[in-house]
Amino acid sequence: MEQIKNLLGPDAYCALLNENINNINQFIMANPKLLQRITNASAEAIKEMVFIASEDIIKGKFSSAYDIEPKARISTGCEKLDEMLLGGIPTIGISELYGCSGVGKTQFCLQLSIQHQLSNIGKTEVVYICSEDIFPSKRMKQLTNEYSKKFKVDPNFEDHIYIKHVADFQELQKCLSTDLPKLLLITNVGLIIIDSIAGIFRSSNCNPDYVARSNDLTKICTALNELQDKHNCAIFMVNQVTDNVVLETHEPCLGLSWANNVTHRFCLSRISDNPEREFKIIFSPELPPISTNILLTVKGLTDAQ
């Protein structure tokens, strides 16, 4: 109320106090005509003072989009792709990359694991959860050798990747609820990768219980969101595709119940039989649905010419 007191003067301010208007909230909520009568101020002066008082209340509680600090991102190692992603893969929410088998999803994850360490944002270690194949150690070694040559560093990338193999939902749930929280307390993990979420729920059962599966997916996402909130970890998922016979297209597995839990969805697809791939933003709260092409090479993923 100090600003209001300075604008009104001591006499008018005392008149307000006598009417039991002694804080900013009461001043804002009071009838403007009543304020005019009490203070003998003009309608324009009262309007200006209410505006000033309102600004004082919301200060620090609300901010404009321009005031929000940009969140950290993980570079993909591809300049054009990073530009399209406003700096790289978002570290807030759950990010998903889906595509056909052999398109390069796992290689993208391996490169992201290295790029995360190179970014030097404080939490440089990675948890890599495999659900389908064993961790591709040989390919990881090839990439780390190439990165060591390129950047002339020897950071032992592999030593900062914690690998866990899970076969089903129960094992993943135990990992996320028990094993991983303990690890995060004693390490600097800043990125959790699951390759792939579809592998957890792949079943030979012709009539799966979709309601139970939906509940299990929600449990996984709840656990991941809690870990992210508590430990400031980026979450990156790989998903497989299923055929839509009617539309003759490939769609990400696990349906709408899973899609509703994903914050950022990306697609990696082939362009004929060459090593060029299309990386497309399917949806994201902060990115438009655009695409760019990248190359799958022995040295890693690079921008297409």
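At what angle do helix H2 and helix H4 pack, and how far apart are their axes? In this predicted model, H2 (residues 10-18) and H4 (residues 32-39) pack at an angle of about 125 degrees, and their axes are 9 Å apart. That angle makes H2 oblique to H4. The crossing in which H2 passes H4 is right-handed.

Let us look at who meets whom here. From H2 come Ala12, Ala15 and Leu16, and they meet Leu35, Ile38 and Thr39 of H4. Sorted by class, the residues of this contact are five nonpolar, one polar and no charged.

On the H7 side, the contact is made by Gln107, Leu110, Gln111, Ser113, Ile114, Gln115 and Leu118, while H8 brings Arg139, Met140, Leu143, Thr144, Tyr147 and Phe151. By class, the contact of H7 with H8 has seven nonpolar, five polar and one charged residues.

| Helix pair | Angle | Axis distance |
|---|---|---|
| H2 and H4 | about 125 degrees | 9 Å |

**Aromatic rings**

H7 also takes part in a ring pair. The count of aromatic pairs comes to six. In one of them, the ring centres of phenylalanine 108 and phenylalanine 236 are 5.8 Å apart and the planes stand at 20 degrees, so this pair is stacked. Because phenylalanine 108 lies in H7 and phenylalanine 236 in strand S7 (residues 234-239), the pair ties together parts that are 128 residues apart in sequence.

**Two spots in the backbone**

Which two residues does a cis peptide bond join? They are aspartate 195 and serine 196, with omega at about 5 degrees. Serine 196 sits in the loop between strand S6 (189-195) and helix H10 (197-201).

The other spot is asparagine 20, which has a positive phi of about 65 degrees although it is not a glycine. Asparagine 20 belongs to the loop between H2 and helix H3 (24-29).

**Confidence in the model**

How values were computed
Residues are numbered from 1 along each chain as its sequence is written. This is a predicted model: local features need pLDDT of at least 70, side-chain atom pairs count only at pLDDT 80 or more; totals for chains, interfaces and linings use all residues. Side-chain values use heavy atoms; hydrogens and water are left out. Axes are lines fitted to C-alpha atoms, for helices over the stretch in contact, and angles run from 0 to 180 degrees between N-to-C directions. Helices (H or I, at least four residues) and strands (E, at least two) are DSSP runs, numbered from the N terminus. Angles under 35 degrees count as roughly parallel, over 145 as roughly antiparallel, 65 to 115 as roughly perpendicular and the rest as oblique. A crossing is left-handed if the near helix is turned anticlockwise from the far one by less than a right angle, and right-handed if clockwise. Contact means heavy atoms within 4.5 Å. Ala, Val, Leu, Ile, Met, Phe, Trp, Tyr, Cys and Pro count as nonpolar, Asp, Glu, Lys and Arg as charged, and the others, Gly among them, as polar. Rings of Phe, Tyr and Trp (its six-membered ring) pair if their centres lie within 6.5 Å; planes under 30 degrees apart count as stacked, over 60 as edge-to-face and the rest as tilted.
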